[in-house]
Amino acid sequence: MEDNLDNIFGKIGEVRMTSGEKASLRASLLELTRGSEPAGVRATEDSRPSFYRPSMRSLLFSRPVFASFLAGSLLLTGAGVSYAAEGSLPGDALYPVKVGVNEAVRGVLAVSPRAKAAWTATRVERRLDEIETLAAAPGVASVDTGVLQQALQQQTREASGQLDRLTDAGDHTAAVEVGTRLEERLQKHQDRMARLTKHKSGKDRAALNALTETVGAEAEDLDQQNGQSEDRLAETKPELAAPLAAERLNAAEDKLHQARELLAGEDRPQDDQRQEVIRQDLDRADVILDEGRRAMKSGDLPQALSKFREAHRHARAARETIESAGTDGAEPSASGAEGGMPDRQPKEDRHDGGGQMDGGSQPDDRETDGRGGAGRRH
Amino acid sequence: MNQDNRPELSEAFLKAYDDLGDAIFKHCYFRVYDREQARDLVQECFTRTWEQLAAGKEIHNIKAFLYRVANNLVIDRARKKKESSLDEALEQGFQPAGTENAETAAEVGQALRALERLDPKYREAVRLRYIDGLSPGEIAAVTGESENNVSVRVHRGLEQLRQALRAGA
């Protein structure tokens, strides 16, 4: 086998992103470069990838074209279409194959409760990927985002139902694991959307705000559910709850540090009211973190977990408030309210969930090659 | 690359993504063994690189720079989160493209396990040379080691890997 190393390295060297993943990332980066450029040097709309163009999208989105194309494609090329559909987006001709065929098959293949929960979470993540790809390109308002919004809501609730089943079956470890993964992804999505929406205006912005509101509502519910799952894990398997609490503590401390660092480097003006809200959130996060540390020290892991999640929520709310500076009054939100102070105060009185570990890397000033420096983080 | 001409800078940056996005993805993937996380790392890597460019940093070797950023991100991630276990990933069906054949998949799994057990300095050299496909000169630009030192590490790492595979066969 040692003589076969070249062949083995050759095989694993074939790993790459799917065309959909690569296009999605490229669209995000294109948007990023536009956002950082001075006005007047933005790329023209024609430079966007052809599959984002509304005319094509609206043509293919008509049901008769969908249906006939779908039927023909499936008959003629089956697996090839199924593969090609994986990179499709709402409004693309192959999108129904992606959600109606590919995902249905994967759903059937997930047999165990754990696999079912993992799959339903993955399906939500796929919707979030689609939203981010659409958000990174111009013309999102020309897509029927209502369908996506509805699917997201329904599929997040299905994932939540599967998590409940895991909990009912006593598999709290899996419930926490899958729930946390989904919660992290929802949080990351909200961060990304906040960044992407900044550069939008008019109907595009309103469409994205509506999607973000849906995600925010689902994320809050999931946050609460995960808090309950963690409580049960702490009661039934304290040996697993201790490292989880340590992880939650780290996540909350990181988030608080991020918010403070962001505030320190923020050059946009923060009005008095906003500053007060930020200060309250940061102070509250500090106090709650201390309470959590004390609970952890005394062995009250459910309480510690709850406190760390709550502190994380406050730190996150502070960060969102800081980042929302400069967007006041720019555009009405999807709900019709004028832009301004974000309605992101953490829920204080509910059963605690909260502090998801932020998968993003922490800003760090040690080196210049990507580790530190000013700039946006997510 | 520098910021003297923004449109050209932006174009060059996106070209760097087109040319190197998959390579950086592969680099991250064989360190975290998770597609979603690898994709996030690629996005973060290019985002940070753009931020540096937009802030006026001159980058003479974009390829080496991107690998350094990606490396730092992987290290940051490993420090903050429990490092992904290759065994766990393999159990959960981690299967790189091109290894659909069961025998190949088993061989790849065995080789990766052996690679993971190498001394970190040799492991990294072998990964960069044979998985990322970088030349010794390019590895030297990424790691800051001399090209000679890199060549020695790659050679020794490969020898150790062969020995480990022979012993495990």
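Q: How many aromatic pairs does the structure hold over all chains?

A: A pair of aromatic rings is described by the distance of the centres and the angle of the planes. Rings of Phe, Tyr and Trp (its six-membered ring) pair if their centres lie within 6.5 Å; planes under 30 degrees apart count as stacked, over 60 as edge-to-face and the rest as tilted. Over all chains, this structure holds five aromatic pairs. One of them is tilted: Phe13(B) and Trp50(B), 5.1 Å centre to centre, with 50° between the planes. This is a predicted model: local features need pLDDT of at least 70, side-chain atom pairs count only at pLDDT 80 or more, and totals for chains, interfaces and linings use all residues. Residues are numbered from 1 along each chain as its sequence is written, chains are lettered from A and ligands numbered from 1 in the order in which they are written, and side-chain values use heavy atoms, with hydrogens and water left out.

Q: Where in chain B do Phe13(B) and Trp50(B) lie?

A: Start with the helix labels. Helices (H or I, at least four residues) and strands (E, at least two) are DSSP runs, numbered from the N terminus. Phe13(B) lies in helix H1 (residues 6–32) of chain B, and Trp50(B) in helix H2 (residues 35–54) of chain B. The pair links distant parts of the chain, 37 residues apart.

Q: Are Phe13(B) and Trp50(B) buried or exposed?

A: Buried means under 20% relative accessible area, exposed over 50%, partly exposed in between (1.4 Å probe, protein chains only). Both Phe13(B) and Trp50(B) are buried. They also belong to one aromatic cluster with Tyr17(B) and Phe46(B).

Q: Which aromatic pair is edge-to-face, with 75° between the planes?

A: That is Tyr29(B) with Phe30(B), 5.3 Å centre to centre. Both residues, Tyr29(B) and Phe30(B), are buried.

Q: Which ring lies under the charged end of Lys121(B)?

A: Apply two limits. A charge sits over a ring if NZ of Lys or CZ of Arg is within 6 Å of the ring centre and within 35 degrees of the ring normal. The charged end of Lys121(B) sits over the ring of Tyr122(B), 4.9 Å from its centre. Arg129(B) has its charged end over the ring of Tyr130(B), 5.5 Å from the centre.

Q: How many salt bridges does the structure hold over all chains?

A: A salt bridge is a side-chain nitrogen of Lys or Arg within 4 Å of a carboxyl oxygen of Asp or Glu. The count over all chains is 42. One of them joins Arg309(A) to Glu183(A), with the closest N and O atoms 3.0 Å apart.

Q: Why does the pair of Arg309(A) and Glu183(A) tie together separate parts of the sequence?

A: Arg309(A) lies in helix H13 (residues 301–323) of chain A and Glu183(A) in helix H9 (residues 172–197) of chain A, so the pair ties together parts that are 126 residues apart in sequence. Both Arg309(A) and Glu183(A) are buried.

Q: What is the N to O distance between Asp191(A) and Arg319(A)?

A: Their salt bridge has its closest N and O atoms 4.0 Å apart. The pair links helix H9 of chain A, which holds Asp191(A), with helix H13 of chain A, which holds Arg319(A), 128 residues apart. Asp191(A) is buried because its relative accessible area is 7%. Arg319(A) counts as buried because its relative accessibility is 5%.

Q: Which residue meets Glu138(B) in a salt bridge?

A: Lys63(B) does, at 2.9 Å, N to O. Glu138(B) is in helix H7 (residues 136–143) of chain B and Lys63(B) in helix H3 (residues 62–80) of chain B, 75 residues apart. Glu138(B) counts as partly exposed at 28% relative accessibility. Lys63(B), at 26%, also counts as partly exposed.

Q: Which residues are linked in a network of salt bridges?

A: From chain A come Asp129(A), Glu132(A), Arg185(A), Lys188(A) and Arg192(A). Glu36(B), Arg39(B) and Asp40(B) are linked with them.

Q: What is the phi of Tyr33(B)?

A: Most residues other than glycine have a negative phi, and most peptide bonds are trans. Tyr33(B) has a positive phi of about 55°, although it is not a glycine. Tyr33(B) is in the loop between H1 and H2 of chain B. Its 7% relative accessibility counts as buried.

Q: How many helices and strands does chain A have?

A: Chain A has 13 helices and zero strands. Of its 378 residues, 51% count as buried.
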